[in-house]
Amino acid sequence: MSLIADEIIQFSSVLRMAYNLLTGRNYLKRKKFREKEKLVAVTLPFSDLAFAAGTIPVFPIRMHQFEISQYLTYLGSASSIFGWNTVSNFLGFIRNLGINEISKIVDDIIEDVIDVINKKYNEMYDIGIENGISSDFCYGLKSLVGMHVTKGSNVDACLNVTIRCSAYNKYLESLKAINKGPKQIWVDIPPRNIGNAIELLTNNVSNAIKEFENLTGKTITDNQIRDHFKIGNQVKRAYKNIIYEISASDFYPCNPATFSEIMALLSISFQDYNSNAPRYRDNIMALEREMRERIRKGIGMDVADRPRIFVTPMFGGWEPKSHEIIYELGGRALYADWELLRMLEEIPTSSHSNPAEEYARFLMNATETGIGCDNDKLTDSYLRMARDLNADGLIFFQLFGCHSISNCYTMLREKVRRELEIPTTAITFNKIGENVEQVKTRLGAFMEMFR
Amino acid sequence: MDDLSLLSDLSLFLKEKKANGVKIVAYLAHDNIPEELLDAAGFFPLRMMFGGNDDLMDASHNFLPPSTCAFAQSCIGLYSTKPNIFSFLDLVDFFIVSNHCVSDICVSEIISKHFNIPRLDFYVPYTKNNSSLKYFKLELLELKKRLEAITGTEITNEKLFESINKYNEFKRVLLKVNELEILGSEKLKVLQRAMLYGPEFQPDLEKFIQYVRENPSSLLETSKDILFTGCSIFVNDNLVDLIEEGGGNIIFFDTWIGSHYSSQIINDSSIQTEKDPLDLLVLKFKDNIYGDHTVPNFLEQKVALIENYYQKYTKTKGRKLGVINHIIKFCDHISLLSSFLKERLQEKGISVLNLERDYSRANSGQLLTRIEAYLEMME
Ligand code: SF4
Ligand code: SF4
């Protein structure tokens with residue numbers, strides 16, 4: 001891990017994001033109790049309406065207390081006095097002196113960020129099962145149930161956006177059975193874009209906005225919504241640039257395992273922007289800048305000879321050791337789930353546009369051309385993404401209990417062979433850390449193909 | 001009237017249909033497919049309502065991971081192995097790809113793609129708000145257009161009204177079957193046959209009801225009465241026999257095959273006043289409040305339905321009533337809410353057995369033990 005830790009410390013933006021992700025509990029408590037803001041539970045990257053309404057979206061796991069090292073807490077406090085850049089430079093400087101104690105501490109930070117989150121995910125998974133969700137469901141849903149059982153009563157509302165996955169939609173329905181208190185705000189996305197489906201979805205979005213107004217007691221203006229979309233667009237632009245212009249390039253600003261680690265962090269935090277959109281926007285834009293700056297200075301790693309392995313899907317649960325294993329085997333793991341699902345499309349914000357309608361178009365586009373209403377469409381999305389990333393291989397995480405996305409693998413394999421002619425393999429996944437040895441073996445065999 | 005004879009009769013029936021130039025449209029046996037529209041277009045709607053076994057499930061694994069629901073697996077297995085008794089599946093002209101659940105989409109898509117059956121899309125919204133109802137109508141219009149393009153004939157309002165009335169009448173008769181005091185297995189066989197044949201079976205159904213009324217059978221006083229909810233018992237599945245072997249008797253089928261289907265009757269006053277028959281189908285969708293596809297109130301509605309039936313039954317009959325919630329392993333809808341359903345009903349003093357299983361024969365013994373234990377507990 002030290003290699004990864006060593007690299008990641010160079011990006012102060014990553015430290016900030018990690019810090020904000022892990023210390024969400026205090027931030028959210030302050031927002032809820034001191035500032036009397038409304039907390040809204042969100043899942044998948046559907047936080048826009050909650051932000052636009054002036055509420056605080058939260059991916060529920062972030063309401064938990066994470067066991068973060070005192071060192072990271074110290075970093076957080078130091079940063080509020082000296083600023084993050086100074087802290088980061090300072091750490092980098094000490095690290096370069098080769099002081100072992102410090103590098104150990106640096107390792108701890110990364111453990112805080114990735115391992116601690118994963119440990120918490122696994123804890124939520126167990127709680128989910130203990131509280132009645134059958135172990136037959138996917139990792140993501142079991143963990144989500146655990147999150148709502150443990151922390152769901154703290155939120156004022158849940159924003160429930162239907163997708164094509166029936167298990168997910170039923171999980172959304174179960175939220176009011178888990179916690180009676182929170183208001184349930186629904187946005188039902190029509191399965192297909194036929195007839196005036198956009199108009200109907202616009203009505204659903206408008207109704208959700210009204211529900212938010214009822215929740216906060218405040219009117220939500222179009223400008224307010226556009227303002228949030230503008231921030232969201234900046235986030236998405238930076239995210240896309242990182243995916244296409246950096247992760248698909250041949251020179252990385254750090255080693256590929258670190259790079260994947262950062263992409264994993266983005267993937268998790270993109271769901272609720274760490275509950276603060278402007279702050280997240282600033283961080284992700286700074287991240288892009290920092291990366292470009294390092295590349296410009298030639299700091300980083302030439303990865304031209306490393307095959308690009310597109311690893312997907314990861315958002316419902318995946319083995320986070322994969323990228324490190326792939327790195328050790330001579331490859332580089334690329335993560336781009338949200339782009340694949342068309343969640344990184346920008347939303348038009350011109351003053352004559354109707355923001356509810358624009359959001360409806362965005363959701364419909366993601367449904368139609370991202371996740372797709374059937375596997376034919378969904379597999380096309382994987383193909384498109386693999387092509388756009390110029391991937392040399394595709395690793396598909398087949399989640400136990402996922403009947404929506406995992407079920408497309410047979411079709412995907414055929415299409416990849418026929419249309420892309422790159423190697424592909426499926427790795428079954430149930431729980432983080434459960435089958436690392438098997439993952440290693442599978443990845444080992446897979447990476448042999450590139451030797 | 002065992003399953004084998006039902007299937008061979010069905011085979012002959014479908015062959016005859018084909019010989020008369022009728023096209024067959026198959027779909028997974030759930031909910032919300034507008035069979036009236038198919039009928040009005042001159043097609044025969046065929047529900048895939050066949051249970052599975054180990055071989056059928058295994059045969060699906062080239063297409064889907066084993067953590068797919070056993071029913072979905074078996075539907076694919078039927079197509080990929082095509083056992084003799086199911087050769088009538090070769091007669092299917094179109095397959096409807098619908099989203100009752102996501103496995104429904106996957107299976108229908110795979111069947112259409114790999115077994116070369118042209119697909120017809122029909123997607124159903126998840127909620128029942130005004131926009132969703134309007135969306136449902138869009139889907140109806142799309143399907144209607146597609147059917148008309150296939151046949152080259154317009155589906156007139158008159159024809160559609162006629163089909164709606166026909167199905168309405170059929171369901172009214174079917175409802176009576178659920179109320180008959182006969183052995184659950186016998187009732188199920190009649191329901192299955194009726195739902196496979198559709199309204200053409202109505203005269204036989206009426207004769208059957210008449211016969212039962214004239215020759216009431218005496219049910220065993222010692223058997224335990226069961227309300228059966230959750231996933232259906234499909235053709236060729238011996239679960240009902242296991243329940244009877246264990247000492248139970250299903251007196252009410254609250255499943256896709258059963259009252260869930262037959263209770264979806266469009267009221268006469270709407271039929272008389274509505275100008276556009278498609279709006280009647282929208283109304284049927286709207287009123288289908290017990291459908292498991294829908295969010296967010298399925299659980300509440302289901303609890304209310306079972307509680308009402310339970311109260312009425314125990315009061316009028318003076319007998320205990322157990323509830324078996326049948327969960328086909330990996331069923332998204334029924335499984336995810338099963339623990340909540342059980343909890344809610346138990347809070348109301350109604351004991352529930354959440355019976356989860358796949359179609360593997362090896363499980364029979366274990367299933368029987370669980371059923372027996374539950375029935376014993378009812379004493
Ligand atoms: S799509 Fe798969 S991974 Fe995602 S919620 Fe549904 S079952 Fe889980
Ligand atoms: S998951 Fe449930 S609803 Fe879906 S096909 Fe299987 S049994 Fe039917």
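Guide: The dialogue below takes up the interface, the salt bridges, the cysteines and the backbone in turn. Please keep in mind that this is a predicted model.

Visitor: Let us begin with the interface. How many residues of chain A are in contact with residues of chain B?

Guide: On the side of chain A there are 46 residues in contact, and they meet 51 residues of chain B.

Visitor: What area is buried between chain A and chain B?

Guide: The size of an interface is often given as the accessible area lost when the parts come together. Here the area buried between the two chains is about 4,000 Å², and carbon and sulfur atoms give 58% of that area. Within chain A, the residues that lose the most area to chain B are K170(A), R192(A) and H403(A), which together make up 17% of what that side buries.

Visitor: How many residue pairs are in polar contact between chain A and chain B?

Guide: Between these chains, 27 residue pairs are in polar contact. Four elements of chain A each give two or more residues to the side that touches chain B: helix 9 (166–178), helix 10 (197–216), helix 17 (375–388) and helix 18. Helix 9 of chain A gives the most, with 10 residues. By class, that side of chain A has 18 nonpolar, 18 polar and 10 charged residues.

Visitor: How many salt bridges are there between chain A and chain B?

Guide: The count between the two chains is six salt bridges. One salt bridge joins the side chains of K113(B) and D376(A), at 3.6 Å from N to O. There is also a network of salt bridges that links R192(A), D374(A), E109(B), R119(B), D121(B) and E139(B).

Visitor: How many salt bridges does the structure hold over all chains?

Guide: Over all chains the count is 54. D93(B) and K18(B) form a salt bridge, their closest N and O atoms being 2.7 Å apart. D93(B) lies in the loop between helix 4 (70–81) and strand 3 (94–98) of chain B, while K18(B) is in helix 1 (residues 3–19) of chain B, so the pair ties together parts that are 75 residues apart in sequence. D93(B) counts as buried at 17% relative accessibility, whereas K18(B) is partly exposed at 28%.

Visitor: Which parts of chain B are tied together by E36(B) and K284(B)?

Guide: The side chains of E36(B) and K284(B) meet in a salt bridge of 2.9 Å, N to O. E36(B) belongs to helix 2 (residues 35–40) of chain B and K284(B) to helix 13 of chain B, so this pair ties together parts that are 248 residues apart in sequence. E36(B) is buried, with a relative accessible area of 2%, and K284(B) is buried as well, at 12%.

Visitor: What is found between E419(A) and R418(A)?

Guide: Their side chains meet in a salt bridge, at 3.6 Å from N to O. E419(A) is partly exposed, at 40% relative accessible area, and R418(A) is exposed, at 51%.

Visitor: Let us turn to the cysteines. How many disulfides are counted over all chains?

Guide: The count is zero disulfides over all chains. C408(A) is in no disulfide, and its nearest cysteine sulfur, that of C106(B), is 8.0 Å away.

Visitor: Finally, the backbone. Which peptide bond involving T312(A) is cis?

Guide: Most residues other than glycine have a negative phi, and most peptide bonds are trans. In chain A, a cis peptide bond joins T312(A) and P313(A), with omega about -15°. P313(A) is found in the loop between strand 7 (308–312) and helix 14 (322–328) of chain A. In chain B, the peptide bond from V295(B) to P296(B) is cis, with omega near 5°.

Visitor: Is Y273(A), with its positive phi, buried or exposed?

Guide: Y273(A) has a phi near 50° and is buried, with a relative accessible area of 2%. E421(A), by contrast, has a phi near 55° and counts as exposed, at 66% relative accessibility.

Notes:
Residues are numbered from 1 along each chain as its sequence is written. Chains are lettered from A and ligands numbered from 1 in the order in which they are written. This is a predicted model: local features need pLDDT of at least 70, side-chain atom pairs count only at pLDDT 80 or more; totals for chains, interfaces and linings use all residues. Side-chain values use heavy atoms; hydrogens and water are left out. Buried means under 20% relative accessible area, exposed over 50%, partly exposed in between (1.4 Å probe, protein chains only). Contact means heavy atoms within 4.5 Å. Buried area is the accessible area (1.4 Å probe) that two parts lose on being put together, summed over both. A salt bridge is a side-chain nitrogen of Lys or Arg within 4 Å of a carboxyl oxygen of Asp or Glu. A polar contact is a pair of N or O atoms within 3.5 Å; within protein, one must be able to donate a hydrogen and the other to accept it, and residues adjacent in sequence count only if both atoms are side-chain atoms. Ala, Val, Leu, Ile, Met, Phe, Trp, Tyr, Cys and Pro count as nonpolar, Asp, Glu, Lys and Arg as charged, and the others, Gly among them, as polar. A disulfide is a pair of cysteine sulfur atoms within 2.5 Å.
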